[in-house]
Number of protein chains: 2
Amino acid sequence: MRDATPQGTYRVQALDRAFAVLDLLGESETPLGLAQVASSLQLHKSTAHRFLMVLERHHMVERTSGGKFRLGLRLFDFGNRAIEQYDLRERAQPHLRRLVAETEETAHLCVLEQARVIYIDKIEPARSVRMITRIGSSNPVHCTSVGKAILAFLPEERINDILRRTKFERFTQRTISSAEALRGEIEKTRRRGYAVDDEEFEEGLRCIAVPLLDAQRYPVGAISVSGPSFRVTAQKLPSIANHLLQCVRGISVDMGFTSTGRNSRVPWPA
Amino acid sequence: MRDATPQGTYRVQALDRAFAVLDLLGESETPLGLAQVASSLQLHKSTAHRFLMVLERHHMVERTSGGKFRLGLRLFDFGNRAIEQYDLRERAQPHLRRLVAETEETAHLCVLEQARVIYIDKIEPARSVRMITRIGSSNPVHCTSVGKAILAFLPEERINDILRRTKFERFTQRTISSAEALRGEIEKTRRRGYAVDDEEFEEGLRCIAVPLLDAQRYPVGAISVSGPSFRVTAQKLPSIANHLLQCVRGISVDMGFTSTGRNSRVPWPA
DNA sequence: CGGCAAGTCCCATATCTTGAGAGACTGAGC
DNA sequence: GCTCAGTCTCTCAAGATATGGGACTTGCCG
């Protein structure tokens, strides 16, 4: 469904199909029956059936009492192992805590995953209006400060790819709802060095973010400060941005993203 | 490595292998190189290579700067979708909150996944010593109250299977470290209706758990109350157990696990 | 410099997946 | 209670697809 012709030299049809199944179930609001899976992915009934049985044996999918399929808990397990192996999170945490202490607002650490930003960590100040975000949830790029911060430092080609895959769903009055408008925002972000989400995702919520760049200046993620608009006022933005910039600088040093060029060409140095 | 001969009538070799790769990377403390993956799983170099490339294209694995492989963030994404589709969690949450209010200690909601218990949710009382557990982490059954609570209500056959797969790692002086000892504990748990972990996982931490049974009395999970031993005293156990039992009763009603037998035979009614 | 270990890539072969189709269920409607 | 439509399960022969031998490259260490 997502893309029927997976590019790339190395192919294992069975894997592409299996992940397409997981994708489909992951996107779906409700559990799906065999027939629905088969027709959505244009697989033969019996092929889809076999895949689902194997995936079930591995607990990658589960069946509801109605015999429908949904994602299985093994994925939850894997996901948590993945994030544990991911050291950006723990390296960044002390810096984020300092940032929260300084600003007294909620801080988030995000990375880009496919065409969405995914929340890797969140630190809340002691006295705060609880925010709805949950670690692990993901949002489209167009309505979040972190999304814009990352986009702004991505190569053109990658930006185009992401914009093409973004549906520009509206969340509030101010949600940016076209690729052109978003490009404008990206330009702005590049100029001032930080991105802002001014109630574009949720009424009354203002966020500000800066990207986390590796030695090659490729954005590996972004950090943001979010709070109610009445506290995070326009006047305060530059000051908060300053704290953010100091924070990323600290993280960069910790991660070894110091400007003197490491020879790796990969986006995520370990 | 785990089991070389996956049972089950439906087989897709490529999938079994791919999941074996993910398993291996998930178990490993450090990222692994191609050669290590290939030899651990007894795959041909070029086969392992192709799998890793395909998995990487799907972001199921990532490479470190050293070219080694570890689990990818796509799994984190999938895992969080899986848990969102999992409604036990949200159904149980209000009940858990009440439980925490009553006992003023931390409550956990767990389910059994393969041979380990995995933490699905955690509610902490306002004033509490922060516990180390993180939602999504998993522990072996032998050293946790939730593990014992679930085991006690599982069919013999399944218990044997799990015990066989448990390594009885020691965490404290009191950790149960043999299958026989654990069987004794299971017996005890069955008699009194709740399970106890008396500093068997962590010094100074005492937990008490009861299983969550579906209409067929099959354990779909367990809930526990945990706190420092000086607060969760032996005298208080029966009273806490009582709160726990009331709590599961509430959840059972909410989930439709009422005793009058629904005709489903599957363990997890939706 | 030479040798070893790890990673990448290509291609003919046989293995493993595929999908047609038949049978088993289920539930709805009459 | 019967039929019909829809969904799910299962088997098997055909052939598309993954496999792994092996050559080539790269980088490391003595």
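1. In this note, the axis of a helix is a line fitted to its C-alpha atoms over the stretch in contact, and an angle between two axes runs from 0 to 180 degrees between their N-to-C directions. The structure under discussion is a predicted model.

2. With that definition, consider one helix pair of chain B. Helix 5 (residues 87-103) of chain B and helix 9 (residues 237-255) of chain B have axes that come within 9 Å and cross at roughly 155°. Angles over 145 degrees count as roughly antiparallel, and helix 5 of chain B and helix 9 of chain B are therefore roughly antiparallel to each other. The crossing of helix 5 of chain B with helix 9 of chain B is right-handed.

3. The residues of this contact can be listed from either side. Helix 5 of chain B contributes B:Leu88, B:Arg91, B:Ala92, B:His95, B:Arg98, B:Leu99, B:Glu102 and B:Thr103. They meet B:Ile240, B:His243, B:Leu244, B:Cys247, B:Gly250, B:Ile251, B:Asp254 and B:Met255 in helix 9 of chain B. Sorted by class, the contact of helix 5 of chain B with helix 9 of chain B holds eight nonpolar, four polar and four charged residues.

4. A helix pair in chain A may be described in the same terms. Helix 1 (residues 13-27) of chain A packs with helix 2 (residues 34-41) of chain A at an angle of about 115°, and their axes are 11 Å apart. This crossing, too, is right-handed. A:Ala20, A:Val21 and A:Leu24 of helix 1 of chain A form the contact with A:Val37, A:Ser40 and A:Leu41 of helix 2 of chain A. Five of the residues in this contact are nonpolar, one is polar and none is charged.

5. Which residues come nearest to DNA strand D? Of the 20 residues around DNA strand D, these are A:Gln13, A:Gly33, A:Leu34, A:Ser46 and B:His44. Two or more residues of the surface near DNA strand D are given by each of helix 1, helix 2 and helix 3 (45-57) of chain A, and by each of helix 1 (13-27) and helix 3 (45-57) of chain B. Helix 3 of chain B supplies the largest share, four residues. By class, the surface near DNA strand D has six nonpolar, nine polar and five charged residues.

6. Finally, the relation between the two chains. Chain B is superposed on chain A by a rotation of 180° with 0.0 Å of shift along its axis, at an RMSD of 0.1 Å. The two copies are thus related as by a two-fold rotation axis. B:Gly79 has the C-alpha nearest the axis in chain B, 2.5 Å from it. Both copies use the same surface, as 100% of the contact residues of chain B recur in chain A.

Methods:
Residues are numbered from 1 along each chain as its sequence is written. Chains are lettered from A and ligands numbered from 1 in the order in which they are written. This is a predicted model: local features need pLDDT of at least 70, side-chain atom pairs count only at pLDDT 80 or more; totals for chains, interfaces and linings use all residues. Angles under 35 degrees count as roughly parallel, over 145 as roughly antiparallel, 65 to 115 as roughly perpendicular and the rest as oblique. A crossing is left-handed if the near helix is turned anticlockwise from the far one by less than a right angle, and right-handed if clockwise. Two residues are in contact if their C-beta atoms, placed from the backbone, lie within 7 Å. Ala, Val, Leu, Ile, Met, Phe, Trp, Tyr, Cys and Pro count as nonpolar, Asp, Glu, Lys and Arg as charged, and the others, Gly among them, as polar. A residue is near a molecule or strand if its C-beta atom, placed from the backbone, lies within 6 Å of it. Copies are superposed by least squares on the C-alpha atoms of residues with pLDDT of at least 70 in both.
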